[in-house]
Protein chains: 2
Amino acid sequence: MHTVEPIQWTPDGIVMLDQRRLPGEVIHHTYTDYRDVAKAIKDMVIRGAPAIGVAASMGIAIGVEKSRAKTFDELRAEFTFICDTLARTRPTAVDLFWAIDRFKRRFDELASAAAISGGGPAAIASIKSALVKEAQKVHQERREADVRIGRFGAELLPRSGRVMTQCNAGALATGGIGTALGVIRMAVDAGHHVEVLVPETRPYLQGARLTAWELHQDGIPLTLITDNMVGHFLKTGGVGAVVVGADRIARNGDTANKIGTYGMAVLAREHDVPFYVAAPISTLDLSIPSGDDIPIEERSADEVTHLAGVRIAPDVPAAHPAFDVTPARFIAAIITERGVARPPFDETLPNLAKG
Amino acid sequence: MHTVEPIQWTPDGIVMLDQRRLPGEVIHHTYTDYRDVAKAIKDMVIRGAPAIGVAASMGIAIGVEKSRAKTFDELRAEFTFICDTLARTRPTAVDLFWAIDRFKRRFDELASAAAISGGGPAAIASIKSALVKEAQKVHQERREADVRIGRFGAELLPRSGRVMTQCNAGALATGGIGTALGVIRMAVDAGHHVEVLVPETRPYLQGARLTAWELHQDGIPLTLITDNMVGHFLKTGGVGAVVVGADRIARNGDTANKIGTYGMAVLAREHDVPFYVAAPISTLDLSIPSGDDIPIEERSADEVTHLAGVRIAPDVPAAHPAFDVTPARFIAAIITERGVARPPFDETLPNLAKG
């Protein structure tokens, strides 16, 4: 269904498509050091919450695989250090912490089993191999989750007309068919005649560079707009639904996503256009009651004042919150791989999460 | 109070600051042919509704001044052709048509007087000189109107905190101290401690390139943001007022302004932030009952997909409505040089226009 692979585990190492260079250049990097993986996440070679989860998983796996630890205690100390390094990359994307927690639990399981078997080099080798398999499993689960999200979400989209999205919640953001774009892909597959309105999503232009590129490659009709056209097109453009991804969803449904999502949600409600969030269960953070507790990453002002290395503004202060929080009351439904949650989300989301 | 002159009538011709090159380069062009003035308006060497009115006035004046017409009828035919050429530059800015109408009326007055005096070369010379004076008068009136708008508007701004604007409704947009930025300048002069939130205003980046530059030159504190941060900062950023300019205001108060203004207005209302429009009376179009009748200029998609000549998106369709319409119900007040109009605008605006 799609050809774009943002990240792959290969015998040579972790191969990532450099999303900063798209669509002008299609460049891949191969990483064999977990510190380089952490830097790639921080520098946005790869981005999108689910893909960051996959990248962190693979980063931990390769870090452990390359470890020269001779003893179990050494390996555990190194594992902890690797996890801490990866945790310091992007604060908002909860999939990152979800992946790290999963690997910590898996490590503990493996460690217990190894302790029973007496430890030693064979046990260390078996932990390494199990963590590599775990990373590949995370990636495979992302792929399957996307397809399920896509199927559930496709039924919510209009049979024809326009659908608006934000940023890139596509294959590039997940390693599967995408969350929001997975919904659109599955709808198109099911015969919906939809055109996608793609806001360019400054400052990084993920909409223009990534979403427009992905959709264009799949032959799905689209129109690119600037971010400040969102209100105008929701008012006049025949938009039947908005579907976006998420970086973190609080227990009550408040959703952190790429900056601009909140404004889009308010404008969608103003025009009675249903606003959907598509995200895997791993993006749920049931530990926090509301969006007030979601940390918002503040990135460099240079990313606002410069574009492709060229200064586009005078030397003035600029702000760069990378995300905003959309209160749950603006969200018609949250589409997960386990089904569609409707308000009240503080009841429906924990139920879905229980599985 | 400010140093920026977007347009000046000089003995050498009409001198325009090329706003497309700011802030990187400060380049002036001197025009002595009205066709070049028309092209400069169309290509956005100069922009902003009031400044377009000044440019059109000077364009007509220089066209007539350079005319080689020997007879009155020849001069009238040429005058009409000049006006038609200028009218085909930017469809949304009503100040353009206001200026053309004003010159047509002035021409008719001068023609009647000349007919009484018998016509002839002396009468043609006197019309030329009178139209040049009229253009300079339009410019002077813009300057005075801005100061009056600024005084009325300053009283509406908070004594401290943040004010948001959109695009550039500054000195560069009017030839005076600006409309929205004139309000901010006069407030700062009156001792208000305000910081301005400046959305960059894609695709032309008038906010980043022009407004940030103007304010920075005047030492007025500002923070540059991307357009999709508007909702986030209205929600969390302590914004006490929004003040924007206008390209055309219908009789009922519906206001066409730079794309993105509508979304900002909806978001301002969501957060109970008063939304003000600052514009001279010449921006009122009492001939149209509502915003539905305002033509919206559709500019080239290349302006969205390219920045400074560099492609920033794949080769996909893009939309570029240059303006949007904000319904009057979102507008707290319209600030003109004759006073502040409050709802119901269909009563208050015609009253102000009568003078």
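Residues are numbered from 1 along each chain as its sequence is written, chains are lettered from A and ligands numbered from 1 in the order in which they are written. Because the model is predicted, local features need pLDDT of at least 70 and side-chain atom pairs count only at pLDDT 80 or more, while totals for chains, interfaces and linings use all residues; side-chain values use heavy atoms, with hydrogens and water left out.

Let's start with the interface. On chain A, 52 residues are in contact with 52 residues of chain B, where contact means heavy atoms within 4.5 Å. Together the two chains bury about 3,900 Å², 68% of it on carbon and sulfur atoms. Buried area here is the accessible area (1.4 Å probe) that two parts lose on being put together, summed over both. Of the area that chain A buries against chain B, 15% comes from A:Leu224, A:Asn228 and A:Tyr262, more than from any other three residues.

What about polar pairing? Between chain A and chain B there are 6 salt bridges, a salt bridge being a side-chain nitrogen of Lys or Arg within 4 Å of a carboxyl oxygen of Asp or Glu. The rule also finds 19 residue pairs in polar contact across this interface, both partners at pLDDT 80 or more. A polar contact is a pair of N or O atoms within 3.5 Å; within protein, one must be able to donate a hydrogen and the other to accept it, and residues adjacent in sequence count only if both atoms are side-chain atoms.

Several elements give two or more residues to the chain A side, among them helix H8 (206-218), strand S6 (222-225) and helix H10 (261-270). Helices (H or I, at least four residues) and strands (E, at least two) are DSSP runs, numbered from the N terminus. H10(A) gives the most, with 6 residues.

Which partners does B:Glu270 have in salt bridges? One is A:Arg329, at 3.5 Å, N to O. Another is A:Arg269, at 2.8 Å, and that pair runs from helix H10 of chain A to helix H10 of chain B. A:Arg269 is partly exposed at 39% relative accessible area, and B:Glu270 is partly exposed at 24%. The cut-offs: buried means under 20% relative accessible area, exposed over 50%, partly exposed in between (1.4 Å probe, protein chains only).

Now for A:Glu134, in helix H5 (residues 121-154) of chain A. A:Glu134 is buried at 9%, and A:Arg102 is buried too. Their side chains meet in a salt bridge of 2.9 Å, N to O. A:Arg102 sits in helix H4 (residues 94-116), so the pair ties together parts that are 32 residues apart in sequence.

Finally, A:His320. Where is A:His320 found? In the loop between strand S13 (310-311) and S14 of chain A. A:His320 counts as buried, at 2% relative accessibility. Its side chain reaches the backbone oxygen of A:Ser300 at 3.1 Å. Leaving aside neighbours within four places in sequence, the contacts of A:His320 include A:Pro203, A:Glu303 and, from the other chain, B:Met229.
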